[in-house]
Amino acid sequence: MHRRSLRHLNRYLQNSKKILAAWDAYSDEHTDLDGWPHDDHAYGRRQSLRDADTAQAFETVRAGAHHLLATAEQQLVTMPSGSVQTRWIYQLGVLQAALERLDALHEEWLTTRDSLPADAKPGTAVFDEALSQHHAGCWSYLDDWAAHGHVLSEINTAARHAPSPLASPPTTRPAATAGHTAPARR
């Protein structure tokens with residue numbers, strides 16, 4: 001499960017980077033020098049698309065996100081202190097807080113979705129507007145995962161290469177001295 005979750009995370013990191021680069025290019029082209037959009041409506045639609053694409057890309061990570069964080073925290077505990085980078089603890093905190101917010105926003109979305117009129121389905125204005133607002137609320141937390149998610153792979157790699165606390169130190173044998181031979185067995 002851990003490897004699969006890391007693969008999903010790495011795919012999310014790649015996809016979110018592309019989504020953000022496309023958004024930055026769009027924003028640069030469609031705003032004035034002060035950052036104001038030339039067309040508020042078109043800009044808002046494109047921003048909603050960015051939010052939805054990022055949320056969709058994160059869906060494969062969501063199922064394993066708690067596992068990834070718990071595993072990274074456990075790995076940090078077992079690693080020698082000299083192998084741990086101080087920023088990792090901060091970054092794990094950012095990811096944990098973002099995931100807690102995403103979980104809360106997901107619960108709010110389910111409540112909102114269930115309270116919509118019976119004829120509100122994907123493709124209807126009322127459904128799509130509520131979903132767009134949900135994605136907009138999630139985006140900054142998804143961006144936190146895009147910015148700091150790589151730390152989970154870094155910790156995993158460091159933990160795999162760190163000496164095991166259970167392993168005994170290597171033993172050395174005295175080197176044979178030149179000219180000294182062991183007696184031959186007869």
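These legends go with close-up views of a predicted model. Residues are numbered from 1 along each chain as its sequence is written, and side-chain values use heavy atoms, with hydrogens and water left out. Local features need pLDDT of at least 70 and side-chain atom pairs count only at pLDDT 80 or more, while totals for chains, interfaces and linings use all residues.

**View 1. The fold is helices, with 5 of them and 0 strands.** Helices (H or I, at least four residues) and strands (E, at least two) are DSSP runs, numbered from the N terminus. The chain has 186 residues, and 33% of them count as buried (buried is under 20% relative accessible area, exposed over 50%, partly exposed in between, with a 1.4 Å probe and protein chains only).

**View 2. The largest pocket holds about 170 Å³ of space.** On a 1 Å grid over the protein atoms alone, a pocket is an open set of points with protein on both sides within 12 Å along at least five of seven lines, a cavity is a set where a 1.4 Å probe fits but cannot get out, and lining residues have an atom within 4 Å of a point. Grid points are joined across faces, edges and corners, and a volume is the space filled by probe spheres set on the points. Of the 13 lining residues, Ala 55, Glu 59, Arg 62, His 134 and His 135 lie nearest the pocket's centre. Helix α2 gives the largest share of this lining, 6 residues.

**View 3. The search of the whole structure turns up 1 cavity of 30 Å³ or more.** The largest cavity has a volume of about 60 Å³. Its lining includes Tyr 12, Arg 50, Trp 139 and Asp 143, and α1 (2-29), α2 and α4 each supply at least two residues. Arg 50 also pairs up with Asp 51 in a salt bridge, closest N and O atoms 2.8 Å apart, and both residues are buried.

**View 4. Arg 87 and Glu 154 meet in a salt bridge, at 2.6 Å from N to O.** This pair links distant parts of the chain, with Arg 87 in helix α3 and Glu 154 in helix α5 (residues 150-161), 67 residues apart. Arg 87 is partly exposed at 33% relative accessibility, and Glu 154 is partly exposed too, at 26%.

How values were computed. Salt bridge = Lys/Arg side-chain N within 4 Å of Asp/Glu carboxyl O.
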